[in-house]
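Subject: Handing over a structure, with notes

Dear colleague,

I am passing on the structure below, together with some notes on what was found in it. Please read the notes with the structure open beside you.

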Amino acid sequence: MDPSQVKIPPMKDLTVDNITENVHAINSLCEDERLKYILERLVTHLHDFARETRLSSDEWMTGLRFLTEVGQICTEVRQEYILLSDVLGLSILVDSIDHPKPASSTEGTVLGPFHTHDAEEMRAGEAMSHDPEGEPLLVVCSLRDLQGRPIEDVKIDIWETDSTGRYDVQRADRREPDGRCIMRSDAEGMFWFHAITPVPYPIPHDGPVGKLLKKMRRHPFRPSHMHFMFEKEGYDHLVTALYLRNDPYETSDAVFGVKDSLVVDIGKAGPEIAQKYHVPEGHALLTYDFVLVSEAETSELRARNSKIALDKLGRKVKIVNGLPVPDLD
Ligand SMILES: [Fe+2]
C-alpha cells in the first residue's frame with residue numbers, strides 16, 4: 001500500500017453523521033494548503049446544507065439539471081455562470097473581500113458578464129459609442145492615488161450598452177466592438193471621451209438564471225450605469241461602475257452592484273468645459289474623480305480583514321501569500 005495512504009481511514013459504512021469527516025480525511029493529502037482549506041470548507045458547508053434542508057433526491061437532481069443548463073447556455077459571449085454568481089450576491093461579496101477599499105478610495109463593484117477583451121484603444125476625446133439614438137454624453141475623469149497624486153498611463157477599460165440597453169455582444173450582427181474602449185490616463189491623471197447617457201437594462205433572462213429570478217419574484221433590471229476597469233502595475237486592480245442617480249432601479253439592482261459613492265448626477269457643460277472640450281454649452285456631462293489604492297495598501301488591508309473575520313469565527317489561521325490557511329503549528 002502507498003505509505004501516504006496510511007492515515008486515510010477505511011471508507012466504509014459512512015453515515016449522515018460521519019461522511020463529512022471522511023471526505024476531509026481523503027482530501028487531506030492535497031499538498032496545496034490553500035486548495036485543501038477551500039475544499040474542506042466547501043464540503044463542510046455543502047454537507048451541512050444538505051443535512052439542514054433535508055435535501056431530497058429530486059431536489060438535488062433539479063439542482064444538478066439547473067447547473068447543467070447554466071453551463072449549456074454559455075458561449076463565447078454569454079456567461080451564465082457569472083450571471084448566476086451575480087444574482088446570488090456572490091460576485092459583489094467576493095469583490096468586497098478580495099479588493100477591500102480604504103476610506104476615500106473608489107469602491108469596486110460587479111464586473112458583470114459583458115466585459116470583452118477586444119475593445120480598441122482610443123485617444124482622449126474620441127467617441128466610444130456610435131449609436132445615433134443615444135444621448136451624447138461628455139465624460140471627464142481624473143485618476144489619483146490615496147495621497148492625491150495623479151496616476152499616469154493607467155489602462156482603463158470602459159463599456160456600456162447602446163440606447164436600447166443592449167451590449168454589442170448581444171447583437172447577432174456584431175462585427176466589431178462598439179460601446180467599449182480602452183483609454184490611458186495622461187500625465188495629469190486625466191482621461192476624457194464621448195459616450196452616450198447610460199440607460200437601465202435587464203440582464204439576460206431567457207435562460208436558467210432568468211427562470212430562477214422569476215421563481216424568486218425578482219425583476220432582472222440593472223440601473224443605468226457605465227463600467228470602468230483600471231489596471232496598472234503596483235495598484236490594486238479596480239473593477240467599478242458609475243450609476244445614475246434617481247434611476248428607477250437604483251435601490252433594487254438585480255446584481256446588487258450599487259454603492260452610494262458610485263452614484264452620480266449627469267450635469268451640463270458650462271462655458272469653460274464647453275470651450276475646453278469642444279462641446280456646445282449645456283451638453284450632458286459626467287465627471288468623476290477615481291482614487292486607486294496601491295497593491296501593498298490593499299494586501300495589508302485584506303490580511304487585516306481576514307484575521308478579524310476568522311478570529312470572530314474562532315478559526316486559527318495564518319496568512320500565506322495574502323490568503324488564509326489553517327495554522328496547525
Ligand atoms: Fe452593465
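**Two annotated regions**

UniProt, in an unreviewed entry, lists residues 113-292 as "domain: Intradiol ring-cleavage dioxygenases". Please keep in mind from the start that this is a predicted model. Residues 32-105 come out as 74% helix and 0% strand, with end C-alpha atoms that lie 34 Å apart.

**The chain as a whole**

The protein chain has 329 residues, of which 26% count as buried, and its secondary structure comes to 8 helices and 13 strands. Among the contacts between residues at least 6 apart in sequence, 67% join residues that are at least 24 apart.

**Helices**

Helix α3 covers residues 57-73, and its 17 residues should span 24 Å at 1.5 Å a residue, which agrees with the 24 Å between its end C-alpha atoms. How many of the 17 residues of α3 are buried? The number is 0, so α3 lies largely in the open.

Helix α4 (residues 80-87) packs with helix α6 (residues 208-215) at an angle of about 20°, and their axes are 9 Å apart. Since angles under 35 degrees count as roughly parallel, α4 and α6 are therefore described as roughly parallel to each other. The residues that meet are E80, L83, L84 and V87 on the side of α4, and P208, V209 and L213 on the side of α6.

**Strands**

An open sheet of 4 strands, with mixed pairing, runs in the order β4-β1-β11-β10. Its edge strands are β4 (190-196) and β10 (267-268), each of which pairs on one side only. Strand β1 (residues 136-145) and β4 run antiparallel and are joined by 7 bridges; within this pairing, C141 has F191 in β4 as its bridge partner.

Strand β7 (residues 225-231) is mostly covered, with 5 of its 7 residues buried. Strand β2 (residues 155-159) runs antiparallel to β7 and is joined to it by 5 bridges, and the bridge partner of D157 in β7 is M229. β7 also pairs with strand β8 (residues 238-244), in the antiparallel sense and over 6 bridges, and there F228 stands opposite T240 in β8. The hairpin of β7 and β8 has 6 residues between the strands, and in it G234 takes a positive phi near 95°.

**Loop residues to look at**

Which residues other than glycine have a positive phi? S104 is one of them, with a phi of about 70°, and N246 is another, with a phi near 70°. S104 is found in the loop between α5 (90-98) and β1, and because it has 10 C-beta neighbours inside 10 Å, S104 counts as exposed. N246 is found in the loop between β8 and β9 (263-264), and with 9 C-beta neighbours inside 10 Å, N246 likewise counts as exposed.

D162 is found in the loop between β2 and β3 (180-184). Is D162 buried or exposed? With 21 C-beta neighbours inside 10 Å, D162 counts as buried, the cut-off for that being 20 or more. Leaving aside its neighbours within four places in sequence, D162 is in contact with S129, D131, G134 and G179. The C-alpha atoms of D162 and S105, by contrast, are separated by 29 Å, these two residues being 57 residues apart along the chain.

With kind regards

Technical notes: Residues are numbered from 1 along each chain as its sequence is written. This is a predicted model: local features need pLDDT of at least 70, side-chain atom pairs count only at pLDDT 80 or more; totals for chains, interfaces and linings use all residues. Helices (H or I, at least four residues) and strands (E, at least two) are DSSP runs, numbered from the N terminus. The expected span of a helix is 1.5 Å times one less than its number of residues. A residue is buried if 20 or more other C-beta atoms lie within 10 Å of its own, exposed if 12 or fewer, and partly exposed in between; C-beta atoms are placed from the backbone. Two strands pair if DSSP finds at least two bridges between them. UniProt positions are given in the numbering used here, feature names are shortened, and annotations may be inferred rather than shown by experiment. Axes are lines fitted to C-alpha atoms, for helices over the stretch in contact, and angles run from 0 to 180 degrees between N-to-C directions. Angles under 35 degrees count as roughly parallel, over 145 as roughly antiparallel, 65 to 115 as roughly perpendicular and the rest as oblique. Two residues are in contact if their C-beta atoms, placed from the backbone, lie within 7 Å.
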